[in-house]
Amino acid sequence: MKTIIVSGFLGSGKTTFINHILGFSKNTLVLENEFGDVSIDSMLIKSDDIIEINSGCICCGLKSDFKEIIHKIDKDQFEYIIIEPTGIAKLTDILDVLKDEENLQIQKCVTIVDCDSYICFHEDFGEFFNDQIKNADIIYITNIENLEEEKIDEVKKSIEQFNPNAIIHKEDFRKMNPDDIVSEFDDNKKQEKHECSCHNHGHGHKCCGKHHHEHHEHSHEDSKFKTNVQKNLKFDSKEELEKFVNKEGIVRAKGNVELLDKKVFVSKTLSGIEISDSTNDSDDFVIIEVNNG
(Lines give C-alpha, C1' and ligand atoms only; values in the text may rest on other atoms or scores of the structure.)
Protein backbone atom coordinates (compact mmCIF):
# COMPACT_ATOMS: atom_id res chain seq x y z
CA MET A 1 0.00 0.00 0.00
CA LYS A 2 1.34 3.40 -0.97
CA THR A 3 1.93 5.37 2.22
CA ILE A 4 2.12 9.12 2.75
CA ILE A 5 3.17 10.49 6.13
CA VAL A 6 1.85 13.97 6.94
CA SER A 7 3.75 15.41 9.89
CA GLY A 8 3.88 18.86 11.41
CA PHE A 9 4.05 20.47 14.83
CA LEU A 10 0.96 21.29 16.87
CA GLY A 11 -1.55 23.39 14.93
CA SER A 12 0.44 23.58 11.70
CA GLY A 13 -2.46 22.52 9.47
CA LYS A 14 -1.99 18.78 8.93
CA THR A 15 -5.70 17.96 9.02
CA THR A 16 -6.55 20.81 6.65
CA PHE A 17 -3.89 19.54 4.25
CA ILE A 18 -5.24 15.99 4.36
CA ASN A 19 -8.79 17.16 3.70
CA HIS A 20 -7.55 19.20 0.75
CA ILE A 21 -5.97 16.19 -0.96
CA LEU A 22 -8.53 13.54 -0.01
CA GLY A 23 -10.35 12.29 -3.05
CA PHE A 24 -7.31 11.68 -5.21
CA SER A 25 -8.01 8.00 -4.69
CA LYS A 26 -11.26 6.41 -3.58
CA ASN A 27 -9.25 3.68 -1.89
CA THR A 28 -7.53 5.84 0.72
CA LEU A 29 -7.34 5.05 4.44
CA VAL A 30 -6.43 7.75 6.97
CA LEU A 31 -4.63 6.65 10.11
CA GLU A 32 -4.97 9.37 12.75
CA ASN A 33 -2.76 9.46 15.87
CA GLU A 34 -3.77 11.83 18.68
CA PHE A 35 -1.66 12.60 21.74
CA GLY A 36 -4.67 12.94 24.05
CA ASP A 37 -7.54 10.65 24.97
CA VAL A 38 -10.00 12.40 22.65
CA SER A 39 -9.52 12.62 18.90
CA ILE A 40 -10.80 15.97 17.67
CA ASP A 41 -9.03 15.80 14.30
CA SER A 42 -10.73 12.53 13.35
CA MET A 43 -14.06 14.36 13.59
CA LEU A 44 -12.75 16.89 11.07
CA ILE A 45 -11.34 14.45 8.50
CA LYS A 46 -13.69 14.22 5.52
CA SER A 47 -13.53 10.48 5.14
CA ASP A 48 -15.35 7.46 6.50
CA ASP A 49 -12.23 5.32 6.15
CA ILE A 50 -10.28 6.45 9.19
CA ILE A 51 -8.60 4.65 12.08
CA GLU A 52 -7.96 6.53 15.31
CA ILE A 53 -5.10 5.68 17.69
CA ASN A 54 -5.31 7.82 20.81
CA SER A 55 -3.65 8.41 24.17
CA GLY A 56 -0.03 8.35 23.12
CA CYS A 57 2.36 8.24 20.20
CA ILE A 58 2.61 5.45 17.61
CA CYS A 59 6.41 5.68 17.64
CA CYS A 60 6.78 4.76 21.32
CA GLY A 61 4.14 3.53 23.76
CA LEU A 62 1.67 2.62 21.01
CA LYS A 63 4.16 0.98 18.66
CA SER A 64 2.81 -2.56 19.10
CA ASP A 65 -0.79 -1.37 18.71
CA PHE A 66 0.16 0.48 15.54
CA LYS A 67 1.95 -2.50 14.01
CA GLU A 68 -0.99 -4.77 14.80
CA ILE A 69 -3.39 -2.39 13.06
CA ILE A 70 -1.14 -2.16 9.99
CA HIS A 71 -1.04 -5.94 9.72
CA LYS A 72 -4.83 -6.21 9.85
CA ILE A 73 -5.57 -3.68 7.10
CA ASP A 74 -6.98 -5.25 3.97
CA LYS A 75 -4.25 -4.61 1.41
CA ASP A 76 -6.67 -5.31 -1.44
CA GLN A 77 -9.14 -2.67 -0.28
CA PHE A 78 -6.84 0.31 0.09
CA GLU A 79 -4.32 1.60 -2.41
CA TYR A 80 -3.14 4.49 -0.24
CA ILE A 81 -2.66 5.09 3.47
CA ILE A 82 -2.23 8.61 4.84
CA ILE A 83 -0.64 8.55 8.29
CA GLU A 84 -0.99 11.66 10.46
CA PRO A 85 1.23 11.27 13.55
CA THR A 86 0.70 13.37 16.64
CA GLY A 87 2.16 16.85 16.30
CA ILE A 88 4.88 16.13 18.85
CA ALA A 89 6.19 12.96 17.22
CA LYS A 90 9.70 12.82 15.78
CA LEU A 91 9.59 11.85 12.13
CA THR A 92 12.73 9.71 12.52
CA ASP A 93 10.93 7.61 15.12
CA ILE A 94 7.89 7.16 12.87
CA LEU A 95 10.10 6.06 9.97
CA ASP A 96 11.96 3.67 12.26
CA VAL A 97 8.69 2.00 13.25
CA LEU A 98 7.62 1.67 9.62
CA LYS A 99 10.91 0.58 8.04
CA ASP A 100 10.24 -3.15 8.37
CA GLU A 101 6.53 -3.05 7.52
CA GLU A 102 6.24 -5.12 4.36
CA ASN A 103 2.65 -4.03 3.76
CA LEU A 104 3.71 -0.42 3.25
CA GLN A 105 5.60 1.40 0.54
CA ILE A 106 6.40 4.89 1.78
CA GLN A 107 5.99 7.34 -1.07
CA LYS A 108 6.75 10.64 0.62
CA CYS A 109 7.07 12.30 4.01
CA VAL A 110 5.26 15.63 4.00
CA THR A 111 5.84 18.20 6.76
CA ILE A 112 3.56 21.19 7.33
CA VAL A 113 5.33 24.21 8.88
CA ASP A 114 3.51 27.16 10.45
CA CYS A 115 5.42 30.18 9.21
CA ASP A 116 4.16 32.57 11.88
CA SER A 117 5.21 30.29 14.76
CA TYR A 118 8.40 29.00 13.14
CA ILE A 119 10.93 30.95 15.20
CA CYS A 120 9.14 30.27 18.49
CA PHE A 121 8.78 26.53 17.87
CA HIS A 122 12.30 26.28 16.49
CA GLU A 123 13.74 27.78 19.67
CA ASP A 124 11.43 26.20 22.26
CA PHE A 125 10.83 22.71 20.81
CA GLY A 126 13.80 22.23 18.49
CA GLU A 127 14.27 18.51 19.14
CA PHE A 128 10.84 17.56 17.77
CA PHE A 129 10.17 20.51 15.49
CA ASN A 130 13.47 20.39 13.59
CA ASP A 131 13.40 16.60 13.25
CA GLN A 132 10.15 16.83 11.28
CA ILE A 133 11.79 19.30 8.90
CA LYS A 134 15.08 17.44 8.46
CA ASN A 135 13.38 14.19 7.45
CA ALA A 136 10.71 15.55 5.08
CA ASP A 137 10.65 15.02 1.33
CA ILE A 138 8.11 17.80 0.76
CA ILE A 139 7.49 20.83 3.01
CA TYR A 140 4.52 23.20 2.89
CA ILE A 141 4.78 26.56 4.66
CA THR A 142 1.40 27.59 6.08
CA ASN A 143 -0.23 30.53 7.86
CA ILE A 144 1.27 33.05 5.46
CA GLU A 145 -1.83 35.15 4.77
CA ASN A 146 -0.92 38.13 6.95
CA LEU A 147 2.87 37.93 6.64
CA GLU A 148 5.22 39.94 4.48
CA GLU A 149 7.06 38.16 1.68
CA GLU A 150 10.34 38.94 3.39
CA LYS A 151 9.32 36.97 6.51
CA ILE A 152 8.18 34.00 4.42
CA ASP A 153 11.46 33.96 2.48
CA GLU A 154 13.41 34.16 5.72
CA VAL A 155 11.63 31.07 7.06
CA LYS A 156 12.13 29.25 3.76
CA LYS A 157 15.87 29.93 3.84
CA SER A 158 16.08 28.66 7.40
CA ILE A 159 14.24 25.48 6.44
CA GLU A 160 16.65 24.98 3.52
CA GLN A 161 19.55 25.01 5.96
CA PHE A 162 18.00 22.08 7.85
CA ASN A 163 16.93 20.22 4.74
CA PRO A 164 18.49 21.34 1.44
CA ASN A 165 17.04 18.36 -0.44
CA ALA A 166 13.35 18.83 0.29
CA ILE A 167 10.84 20.34 -2.10
CA ILE A 168 9.62 23.48 -0.29
CA HIS A 169 6.33 25.17 -1.19
CA LYS A 170 5.70 28.63 0.18
CA GLU A 171 2.40 29.16 -1.62
CA ASP A 172 -0.86 28.39 0.21
CA PHE A 173 -1.59 24.71 -0.44
CA ARG A 174 -5.33 25.42 -0.19
CA LYS A 175 -5.01 27.36 -3.45
CA MET A 176 -3.09 24.58 -5.17
CA ASN A 177 -4.69 21.94 -7.34
CA PRO A 178 -4.85 18.70 -5.26
CA ASP A 179 -3.85 16.75 -8.38
CA ASP A 180 -0.61 18.74 -8.59
CA ILE A 181 0.10 18.04 -4.94
CA VAL A 182 -0.55 14.33 -5.30
CA SER A 183 1.57 14.07 -8.46
CA GLU A 184 4.64 14.78 -6.29
CA PHE A 185 3.83 11.80 -4.10
CA ASP A 186 4.43 9.39 -6.96
CA ASP A 187 7.68 11.02 -8.03
CA ASN A 188 10.20 8.33 -7.19
CA LYS A 189 13.44 10.26 -7.44
CA LYS A 190 13.81 10.39 -3.63
CA GLN A 191 11.96 7.23 -2.75
CA GLU A 192 15.11 5.26 -1.91
CA LYS A 193 15.31 7.28 1.31
CA HIS A 194 12.23 5.62 2.80
CA GLU A 195 11.56 2.65 0.54
CA CYS A 196 10.04 -0.51 2.02
CA SER A 197 9.55 -3.81 0.24
CA CYS A 198 5.92 -4.45 -0.52
CA HIS A 199 4.53 -7.86 0.44
CA ASN A 200 1.34 -8.97 2.07
CA HIS A 201 1.32 -10.37 5.58
CA GLY A 202 -1.83 -12.20 4.65
CA HIS A 203 -4.07 -11.00 7.47
CA GLY A 204 -7.64 -10.59 6.31
CA HIS A 205 -9.19 -7.64 8.11
CA LYS A 206 -11.44 -5.35 6.14
CA CYS A 207 -11.58 -1.79 7.41
CA CYS A 208 -15.04 -0.44 6.76
CA GLY A 209 -15.19 2.82 8.68
CA LYS A 210 -14.09 4.63 11.81
CA HIS A 211 -12.36 2.63 14.48
CA HIS A 212 -10.94 3.65 17.82
CA HIS A 213 -7.90 2.27 19.61
CA GLU A 214 -6.88 3.50 23.06
CA HIS A 215 -3.72 3.01 25.04
CA HIS A 216 -2.50 4.66 28.21
CA GLU A 217 1.28 4.24 28.20
CA HIS A 218 3.13 7.52 27.77
CA SER A 219 6.75 7.90 26.73
CA HIS A 220 9.41 10.40 25.66
CA GLU A 221 7.56 13.22 23.82
CA ASP A 222 4.71 13.02 26.27
CA SER A 223 6.84 14.18 29.19
CA LYS A 224 7.23 17.64 27.64
CA PHE A 225 3.50 18.16 27.23
CA LYS A 226 0.29 17.40 29.06
CA THR A 227 -3.22 17.29 27.75
CA ASN A 228 -6.63 17.61 29.34
CA VAL A 229 -10.15 17.49 28.00
CA GLN A 230 -12.82 19.85 29.24
CA LYS A 231 -16.49 19.41 28.44
CA ASN A 232 -19.43 21.76 27.95
CA LEU A 233 -17.42 24.97 28.13
CA LYS A 234 -19.52 28.13 27.89
CA PHE A 235 -18.37 31.69 27.28
CA ASP A 236 -20.40 34.89 27.37
CA SER A 237 -18.04 36.82 25.12
CA LYS A 238 -15.22 36.35 22.64
CA GLU A 239 -12.93 38.20 25.05
CA GLU A 240 -13.68 35.69 27.79
CA LEU A 241 -12.90 32.81 25.40
CA GLU A 242 -9.63 34.41 24.29
CA LYS A 243 -8.53 34.98 27.87
CA PHE A 244 -9.19 31.31 28.65
CA VAL A 245 -7.26 29.80 25.71
CA ASN A 246 -4.40 32.30 25.87
CA LYS A 247 -3.29 31.25 29.32
CA GLU A 248 0.46 30.87 29.68
CA GLY A 249 1.77 27.47 28.62
CA ILE A 250 -1.07 26.52 26.28
CA VAL A 251 0.39 25.70 22.85
CA ARG A 252 -2.71 24.13 21.28
CA ALA A 253 -6.42 23.98 22.01
CA LYS A 254 -9.26 22.75 19.83
CA GLY A 255 -12.82 21.57 20.07
CA ASN A 256 -16.40 22.71 20.53
CA VAL A 257 -17.53 25.33 23.02
CA GLU A 258 -20.67 27.37 23.54
CA LEU A 259 -20.13 31.03 22.69
CA LEU A 260 -23.03 33.43 23.19
CA ASP A 261 -25.48 30.48 23.25
CA LYS A 262 -24.14 29.05 19.97
CA LYS A 263 -21.98 25.96 19.59
CA VAL A 264 -18.78 26.81 17.69
CA PHE A 265 -15.50 25.09 16.89
CA VAL A 266 -12.42 26.81 18.31
CA SER A 267 -8.88 26.20 17.11
CA LYS A 268 -6.11 27.91 19.06
CA THR A 269 -2.45 27.92 18.00
CA LEU A 270 0.38 30.26 18.90
CA SER A 271 -0.53 32.19 15.76
CA GLY A 272 -4.01 33.03 16.96
CA ILE A 273 -7.57 31.80 17.43
CA GLU A 274 -9.99 30.67 14.73
CA ILE A 275 -13.70 30.34 15.44
CA SER A 276 -15.99 28.56 13.00
CA ASP A 277 -19.34 26.82 12.90
CA SER A 278 -19.33 23.46 14.62
CA THR A 279 -19.71 20.44 12.36
CA ASN A 280 -20.39 17.77 15.00
CA ASP A 281 -22.16 17.24 18.32
CA SER A 282 -19.08 16.76 20.47
CA ASP A 283 -18.83 18.73 23.73
CA ASP A 284 -15.09 18.08 24.09
CA PHE A 285 -12.42 20.77 24.16
CA VAL A 286 -8.81 19.52 24.13
CA ILE A 287 -6.00 21.59 25.64
CA ILE A 288 -2.31 20.78 25.15
CA GLU A 289 0.17 22.71 27.26
CA VAL A 290 3.81 22.62 28.22
CA ASN A 291 4.40 20.36 31.20
CA ASN A 292 6.32 22.46 33.72
CA GLY A 293 6.22 20.10 36.55
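This is a predicted model: local features need pLDDT of at least 70, side-chain atom pairs count only at pLDDT 80 or more; totals for chains, interfaces and linings use all residues.
Student: Okay, the overall picture. How many helices and strands are there in the protein?

Tutor: Helices (H or I, at least four residues) and strands (E, at least two) are DSSP runs, numbered from the N terminus. On that count the protein has nine helices and 14 strands.

Student: And what percentage of the 293 residues is buried?

Tutor: Take the contacts first, meaning heavy atoms within 4.5 Å. Among those between residues at least 6 apart in sequence, 76% join residues at least 24 apart. As for burial, the buried part of the 293 residues is 54%.

Student: Which residues have the most contacts inside the largest nonpolar core?

Tutor: A nonpolar core is a set of buried Ala, Val, Leu, Ile, Met, Phe, Trp, Tyr and Cys residues joined through side-chain atoms within 4.5 Å. The largest one holds 24 residues. At least two of its residues come from each of helix H5 (118–124), helix H6 (126–134), S6, H7 and strand S14 (284–290). The residues with the most contacts inside this core are Phe9, Ile139, Ile159 and Phe225.

Student: Which residues of helix H8 are buried, and do they line one face or several?

Tutor: H8 spans residues 178–185, and its buried residues are Ile181, Val182, Glu184 and Phe185. Their packing partners include strand S1 (2–8), helix H1 (14–21) and strand S5 (105–114). The arc uses the directions from the helix axis to the C-beta atoms. Seen down the axis of H8, Ile181, Val182, Glu184 and Phe185 fall within 150 degrees, so they line one face.

Student: Which residue caps the N-terminal end of H8?

Tutor: Look for a side-chain oxygen 2.8 Å from the backbone nitrogen of Asp179. That oxygen belongs to Asn177.

Student: Now Leu260: is it buried or exposed?

Tutor: Leu260 sits in the loop between strand S11 (250–259) and strand S12 (262–269). Its phi is near 55 degrees, a positive value in a residue other than glycine. Most residues other than glycine have a negative phi. With a relative accessible area of 56%, Leu260 is over the 50% cut-off, so we call it exposed.

Student: Where is Asn143, which also has a positive phi?

Tutor: Asn143 isn't a glycine either, and its phi is about 55 degrees. At 28% relative accessible area, this residue is partly exposed. Its place is the loop between strand S6 (138–142) and helix H7 (149–162).

Student: Last one: what distance goes with the polar contact between the side chains of Lys231 and Asp284?

Tutor: Lys231 is found in strand S9 (residues 225–231) and is exposed at 54%. Leaving aside neighbours within four places in sequence, Lys231 touches Asp283 and Asp284. A polar contact is a pair of N or O atoms within 3.5 Å; within protein, one must be able to donate a hydrogen and the other to accept it, and residues adjacent in sequence count only if both atoms are side-chain atoms. For the side chains of Lys231 and Asp284, the distance is 2.3 Å.

Definitions and conventions: Residues are numbered from 1 along each chain as its sequence is written. Side-chain values use heavy atoms; hydrogens and water are left out. Buried means under 20% relative accessible area, exposed over 50%, partly exposed in between (1.4 Å probe, protein chains only).
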